[in-house]
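Here's a quick walk through a single chain, from the overall picture down to a few individual residues. Have the coordinates open while you read.

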Amino acid sequence: MVTDNLFSFFLRNTFMLGFITWTWDPELLNLGSLSIRWYGLMWAIGLMLGYFVESKIYDNEKLPEGSMDKLFLVMVFSTVFGARVGHCFFYEWDYFSKHVFEVLYIWKGGLSSHGGAFGILTALFFFSKFGIHQSYLWTLDRIVIAVAICGACIRLGNLFNHEIYGDPTSMPWAFSFMLHPMSETTGFSEPSHPTQIYEMIYCLVTFSVLMFLYWKTKAAQRTGFLFAVFLYGVFLSRYMLEFIKRPQEDFEEGLLLNMGQMLSLPFVLAGTAIFLYILFKWGAEKSENRAKSFMGMGALVVVLATMMLVPLQNRKAQMMENSGVSRADVPNVGEPVKMDTDKVPDFLEKTTFLSDEGNTVHFQGGYIFVQDKRVAGPIVPVKSDAAHGFYISANGLYPGSVYRYMLRVYPDNKSVLLNLKDLRGNYHEVTPDAK
């Protein structure tokens, strides 16, 4: 299994052959009733790497003996507890509000990085005051270095789990993920952005920058600076990445900002406030620095606002544009052909489509295939009228989610418009394959 994936990756990136079909088994070992998964292993490796990095920092700071061991226990408990509670509260509150005790069922999955962050921030407030007797920001400046490397490992675990990936893409590094990797039969997603790898990369870059700033510069002397760099490196990157990332839950459908972005905003604003304060203090130290300080503050606000508002405006425009598709979107067509609902599946079985992303789409046995990989199904006709076409539904890329498809058949079957609506409200239009 591992060899096949490595070989597939090599072929894909060397010869540009198709896309990567990611079939990595999420389960590392199965010892009867005991199952060890790659995701859990990545968590363990991340925590151990974080412990190693932080112990070197604490030795350099000459903190009391035993401080690191106490910190490790605090970090493990607060991270896991916060991540679990955060997921239950932010993403599935409707369910867990009625099944409160299941919040403790960590083995069933469901951890939120933002919840983990809130858990860490709360625990470290008390640890810094009663554990090492340092200021809160001093503690955060040093712990975020370990958090960054741990975050990279966790995102690698998400890749092994075939979860939290991005929108469909025709980029040469696209991954087709198994939809239900732990079941005996599974389909595959349309080739999509491997956002787990993107997130792992920005965590590694943030870790490298923080390590350099701590060990090779005097940046740590500016209390709060390293923490602010971390907030930008992780949460500003997360905010931007969410624009090409599939929503995790159905309730995010149609939201201008999804839950991940809304939860990232407070961290980005906190980082901005810290940077502005540091610039202000620097300008106050010497009169000749004041003009540069205010220029830096203004530039920071303008650049940040541009980075955050431009893609947001683009998404808003895209959502408005894709809110509906008219016949004008397909040239040289007339009124929709009237077709009985029960004939729709047979028509689909005989037709191959080509998506805007360059992927072939066809229907077989009631299932939807993209590039010969099953992405959803079985389909069920749910509505039909001559003015608006046919609506069919199918199980989507996430368990429990439903994708809506709208089919419009035009005269003599010369033109077909098939709209694939994902949870964010985007449409991927496909027309008959010229072949």
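Let's start with how the chain folds back on itself: among contacts with a separation of 6 or more, 60% link residues 24 or more positions apart. The chain has 435 residues, and 48% of them count as buried. It contains 11 helices and 13 strands.

Keep in mind that this is a predicted model. The average pLDDT over the chain is 75, and 69% of the residues score at least 70.

| Helix pair | Residues | Axes come within | Crossing angle |
|---|---|---|---|
| H5 and H6 | 113-130 and 136-160 | 11 Å | roughly 150 degrees |
| H7 and H8 | 195-216 and 225-241 | 10 Å | roughly 165 degrees |

Angles over 145 degrees count as roughly antiparallel, so H5 and H6 get that label. The crossing of H5 and H6 is right-handed. On the H5 side, the contact is made by Ser-113, Ile-120, Leu-121, Thr-122, Leu-124, Phe-125 and Ser-128, while H6 brings Tyr-136, Thr-139, Leu-140, Ile-143, Val-147 and Arg-155. Sorted by class, the residues of this H5 and H6 contact come to 8 nonpolar, 4 polar and 1 charged.

H7 and H8 are roughly antiparallel to each other too, going by their crossing angle. Their crossing is right-handed. From H7, the residues taking part are Thr-195, Tyr-198, Glu-199, Tyr-202, Thr-206, Val-209, Leu-210, Leu-213 and Tyr-214; they meet Phe-225, Leu-226, Val-229, Phe-230, Gly-233, Val-234, Ser-237, Arg-238 and Leu-241 of H8. The contact of H7 with H8 has 12 nonpolar, 4 polar and 2 charged residues.

One of those H7 residues is worth a zoom: Leu-210. Is Leu-210 buried or exposed? Leu-210 counts as buried, because its relative accessibility is 0%. Setting aside neighbours within four places in sequence, Leu-210 touches Val-144, Ile-145, Leu-226, Val-229 and Phe-230. Leu-226, Val-229 and Phe-230 are among the H8 residues that meet H7. As for Val-144, its C-alpha atom is 8.4 Å from that of Leu-210, although the two are 66 residues apart along the chain.

His-193 sits in the loop between strand E4 (175-177) and H7. With a relative accessibility of 13%, His-193 counts as buried. Which residues does His-193 contact, leaving aside neighbours within four places in sequence? The list is Tyr-165, Gly-166, Asp-167, Thr-169, Met-171, Trp-173, Phe-177, Tyr-198 and Ile-244. Tyr-198 also turns up among the H7 residues that meet H8.

Lys-62 isn't a glycine, yet it has a positive phi of about 55 degrees. This lysine, Lys-62, is in the loop between helix H2 (38-61) and helix H3 (67-90). Lys-62 counts as exposed, because its relative accessibility is 73%. Ile-164 has a positive phi as well, near 55 degrees, and is likewise a residue other than glycine. Ile-164 belongs to the loop between H6 and E4. Ile-164 is buried, with a relative accessible area of 14%.

Note on methods: Residues are numbered from 1 along each chain as its sequence is written. This is a predicted model: local features need pLDDT of at least 70, side-chain atom pairs count only at pLDDT 80 or more; totals for chains, interfaces and linings use all residues. Side-chain values use heavy atoms; hydrogens and water are left out. Axes are lines fitted to C-alpha atoms, for helices over the stretch in contact, and angles run from 0 to 180 degrees between N-to-C directions. Helices (H or I, at least four residues) and strands (E, at least two) are DSSP runs, numbered from the N terminus. Angles under 35 degrees count as roughly parallel, over 145 as roughly antiparallel, 65 to 115 as roughly perpendicular and the rest as oblique. A crossing is left-handed if the near helix is turned anticlockwise from the far one by less than a right angle, and right-handed if clockwise. Contact means heavy atoms within 4.5 Å. Ala, Val, Leu, Ile, Met, Phe, Trp, Tyr, Cys and Pro count as nonpolar, Asp, Glu, Lys and Arg as charged, and the others, Gly among them, as polar. pLDDT is the predictor's confidence in each residue, from 0 to 100. Buried means under 20% relative accessible area, exposed over 50%, partly exposed in between (1.4 Å probe, protein chains only).
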